[in-house]
Amino acid sequence: MKHSFLRLISSFYILLISALMIVISAYAWMVISDSPAAGGIGFGVAGLEDWKIPEIFEPEYDYMDGVRLTAADVETFEKDESGAYLIDSAEKFVALMQYVNGNTELQGNVRMLLQKHISLEDHEMEPVLDASGAPLAVSWSASEWEPVEVSGYTGTGIVTIAVDEALLRETDMETAYIKGLQKPLFAGGFAGASGIVVEDITIFASHIVSENTLGAGAFIECVDSMPDIVLRNCHLVNSKLVGGSADEYEYARVGGMIGWTSGYNNTNDGAVRTQILIDNCSVKNSELVGSSVGGIVGHSGANAWTYTLIQNCT
């Protein structure tokens, strides 16, 4: 009698476990059927709804909806007491970054403080007219963005993007947001006393395509013999990053933050010790596509004089 009771309990337990496994399997099938691998919408800008990602609070963005600025306008931008440019519009952000881009006459460091969350996505805007009623040059396409190259070889120093603390207090957020990037933030740079510092920035809802076949990252494509690289509290969220040429068999080394890094140790013309710090950064709800992929860095240390510290990252 005792053995029969035990067998009954055992049979009931097995039946209960079997039923539970059927429920779990059915749920897993529903999730997988909506995944990118199964042909579902998956990640990307639309993924917030289609992938059932928990809703992420977005701030109010400043769009490219005013008069387009040029390099000549940069000299008129307001600076704080430390000499940092105060960036309070998308137009100013684009103008300053493209002013830095490949500028062989730029000497020394450049520092900017974002006072707004920036959107670079295509945006419908009302035409702005001059005094005669003629339209001013205000049209903007996100495809115009070019990754910024820091020309350390000719004298450009460290380029810093940081955030005005007042913006974080006002919006109760830990970073400023940059939305709608179609190409990486920086191309990278080469040699000299050059460097890139990015602090407290989230790249959000962006479909980024890099044609650099060596390396691609959302923040920096390639670090080549640049002494100082710092990414602190930087994040790639709900985005897609594709690295390489249009040929699907020529994808690059892809990393959520940086694609490829290298120092330089040719003793004939002077070694360059490249030091990279990536602290408290993350890649979340994003898809990375490349020949080899790393969540934070695609390929680290192509040369012995590359020193990389990654900490507190997910």
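This is a predicted model: local features need pLDDT of at least 70, side-chain atom pairs count only at pLDDT 80 or more; totals for chains, interfaces and linings use all residues.
**View 1. Strands S11, S15 and S20 make an open, parallel sheet.**
The order across this three-stranded sheet is S11-S15-S20. Strands here are DSSP runs of E, at least two residues long, and helices are runs of H or I with at least four residues, numbered from the N terminus. Two strands pair if DSSP finds at least two bridges between them. Strand S11 (215-217) and strand S20 (292-294) sit at the edges with a single partner strand each, so one side of each has no neighbour in the sheet. On average, neighbouring strands are turned by 15° against each other, direction ignored; the axes are lines fitted to C-alpha atoms, for helices over the stretch in contact, and angles run from 0 to 180 degrees between N-to-C directions. Strand S15 (residues 253-255) is joined to S20 by three bridges in the parallel sense.

**View 2. S10, S14 and S19 form an open sheet of three strands with parallel pairing.**
The order is S10-S14-S19. Strand S10 (207-210) and strand S19 (287-289) are the edge strands, and each pairs on one side only. From one strand to the next, the twist averages 5°. Four bridges link S10 and S14 in the parallel sense. If you want one to look for, isoleucine 208 has leucine 241 in S14 as its bridge partner.

**View 3. Aspartate 200 and asparagine 238 have positive phi values.**
Aspartate 200, with phi near 60°, belongs to strand S9 (residues 195-204). For asparagine 238, phi is near 50°, and the residue falls in the loop between strand S13 (228-237) and strand S14 (240-243). Is asparagine 238 buried or exposed? Asparagine 238 is buried, at 1% relative accessibility, while aspartate 200 is partly exposed at 23%. Buried means under 20% relative accessible area, exposed over 50%, and partly exposed in between (1.4 Å probe, protein chains only).

**View 4. Cysteine sulfurs, but zero disulfides.**
A disulfide is counted when a pair of cysteine sulfur atoms lies within 2.5 Å. Cysteine 234 is in none, and its nearest cysteine sulfur, that of cysteine 281, is 4.7 Å away. Cysteine 313 also has cysteine 281 as its closest cysteine, but the sulfurs are 4.8 Å apart, too far for a bond. Cysteine 234 is buried at 0% relative accessibility; cysteine 313 is partly exposed at 22%.

**View 5. Phe93, Phe186 and Phe219 touch the most other members of the largest nonpolar core.**
That core has 56 residues, and helix H4 (residues 90-100) gives the most to it, with seven. A nonpolar core is a set of buried Ala, Val, Leu, Ile, Met, Phe, Trp, Tyr and Cys residues joined through side-chain atoms within 4.5 Å. Leaving aside neighbours within four places in sequence, phenylalanine 219 has contacts (heavy atoms within 4.5 Å) that include Leu185, Phe186, Leu231, Cys234 and Met257.

Methods: Residues are numbered from 1 along each chain as its sequence is written. Side-chain values use heavy atoms; hydrogens and water are left out.
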